[in-house]
Amino acid sequence: MSALDYQVGGGHYKDRAIQPVQYWMANLMGGCEASIVKYVTRWRDKGGVEDLRKARHFLALILENEAYQRLHAEQRRAFPLVSRIGIRPDQYSSENQLDMPERAIMAHLDPWVRFGDRSSLDGARKWLDEMLDAELSGGVESGALREHED
């Protein structure tokens, strides 16, 4: 039996076509990036708004730490193979049937993960902030997030 065949503490990952851990490992993600993926993927099934807040917190940790940003960008330049391997965010999002806001966050996180493009993190932050605002004011379903084209 594979470790992917069972989950400790629920089934909110096990039943996914691509589990978050598979996505992290395939894309050589760091802890903060992996946590963002985890919380954004599961928030509707497990932690709700608290998970969105956790994802936003991990994004803030990346954005506030310039030394980490420099190191991450240097690693991506030194190992360009990382940009050509892995699971693409559109594949992860599609196979896991993520909604538009979650898909957008994965898409914005990807250039950072693959190339060290810090500016893409601003788009992820914008989507997370909009998701939190919409959820706190009545739910993402009722908001204009499905119409967003960023």
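Colleague: Which backbone atom lies 3.0 Å from a polar atom of the side chain of Asn-96?

Modeller: Keep in mind that this is a predicted model. Asn-96 sits in the loop between α5 (89-95) and α6, and beyond its neighbours within four places in sequence, Asn-96 is in contact with Arg-16, Ala-17 and Ile-18. The atom lying 3.0 Å from a polar side-chain atom of Asn-96 is the backbone nitrogen of Ala-17.

Colleague: And is Asn-96 buried or exposed?

Modeller: The cut-off for buried is under 20% relative accessible area. Asn-96 has a relative accessible area of 6%, so the residue counts as buried.

Colleague: What about Gln-97, is that one buried or exposed?

Modeller: Gln-97 also belongs to the loop between α5 and α6. Its phi is positive, about 50°, although Gln-97 is not a glycine. Most residues other than glycine have a negative phi. The relative accessibility of Gln-97 is 67%, so Gln-97 is exposed.

Colleague: Which loop holds Leu-28, and how accessible is Leu-28?

Modeller: Leu-28 is not a glycine, yet has a positive phi of about 50°. The loop in question is the one between α1 (20-26) and α2. As for accessibility, Leu-28 counts as partly exposed, at 47%.

Colleague: Let's do Asp-51. Which side chain does Asp-51 join through a polar contact of 2.8 Å?

Modeller: Asp-51 lies in helix α3 and is buried, at a relative accessible area of 1%. Setting aside neighbours within four places in sequence, its contacts are Tyr-39, Arg-42, Trp-43 and Lys-46. The polar contact of 2.8 Å runs from the side chain of Asp-51 to that of Arg-42.

Colleague: How far apart are the C-alpha atoms of Asp-51 and Tyr-39?

Modeller: Tyr-39 is among the residues in contact with Asp-51. The two are twelve residues apart along the chain, and their C-alpha atoms are separated by 5.1 Å.

Colleague: Which helices do the buried residues of α3 pack against?

Modeller: α3 has 16 residues and reaches 22 Å from first C-alpha to last, close to the 22 Å expected at 1.5 Å a residue. Its buried residues are Val-49, Asp-51, Leu-52, Ala-55, Leu-59, Ala-60, Ile-62 and Leu-63. They pack against α2, α4, α6 and α7.

Colleague: How are α2 and α6 oriented to each other?

Modeller: Two packed helices are described by the angle between their axes and the distance between the axes. Here the axes come within 10 Å and cross at roughly 170°. An angle over 145 degrees counts as roughly antiparallel, so α2 and α6 are roughly antiparallel to each other.

Colleague: Which residues meet there, and how do they divide by class?

Modeller: On the α2 side you have Glu-33, Ile-36, Val-37, Val-40 and Thr-41, and they meet Glu-102, Ile-105, Met-106, Leu-109, Trp-112 and Val-113 in α6. By class, the residues of this α2 contact with α6 come to eight nonpolar, one polar and two charged.

Colleague: And how is α4 oriented to α6?

Modeller: The axes of α4 (residues 66-78) and α6 come within 7 Å and cross at roughly 70°. Since 65 to 115 degrees is the range for it, α4 is roughly perpendicular to α6.

Colleague: What makes that contact, and which classes are in it?

Modeller: From α4 there are Tyr-68, Gln-69, His-72 and Arg-76, and from α6 there are Trp-112, Val-113, Arg-114 and Phe-115. The classes in this contact of α4 with α6 are four nonpolar, two polar and two charged.

Colleague: Now α7: how far apart are its end C-alpha atoms?

Modeller: α7 covers residues 119-136, which is 18 residues. At 1.5 Å a residue the helix should span 26 Å, and the end C-alpha atoms agree with that, being separated by 26 Å.

Colleague: What covers the buried residues of α7?

Modeller: The buried set in α7 is Ser-120, Leu-121, Gly-123, Ala-124, Trp-127, Leu-128, Met-131, Leu-132 and Ala-134. The cover over them includes α2 (31-42), α3 (49-64) and α6 (100-115).

Colleague: Last one: what share of the protein chain is buried?

Modeller: The protein chain has seven helices and zero strands. Of its contacts with a separation of 6 or more, 64% come from residues 24 or more positions apart. Out of 150 residues in the chain, the buried share is 43%.

Key:
Residues numbered from 1 in each chain as written. Predicted model: local features only at pLDDT ≥ 70, side-chain atom pairs only at ≥ 80, totals over all residues. Heavy atoms only, no water. Helix = DSSP H or I, 4+ residues; strand = E, 2+ residues; numbered from the N terminus. Expected span 1.5 Å × (residues − 1). Buried < 20%, exposed > 50% of the residue type's maximum accessible area, 1.4 Å probe, protein only. Contact = heavy atoms within 4.5 Å. Axes fitted to C-alpha atoms, helices over the stretch in contact; angles between N-to-C directions. Parallel < 35°, antiparallel > 145°, perpendicular 65-115°, else oblique. Nonpolar A, V, L, I, M, F, W, Y, C, P; charged D, E, K, R; others polar. Polar contact = N/O pair within 3.5 Å; in protein donor to acceptor, adjacent residues only side chain to side chain.
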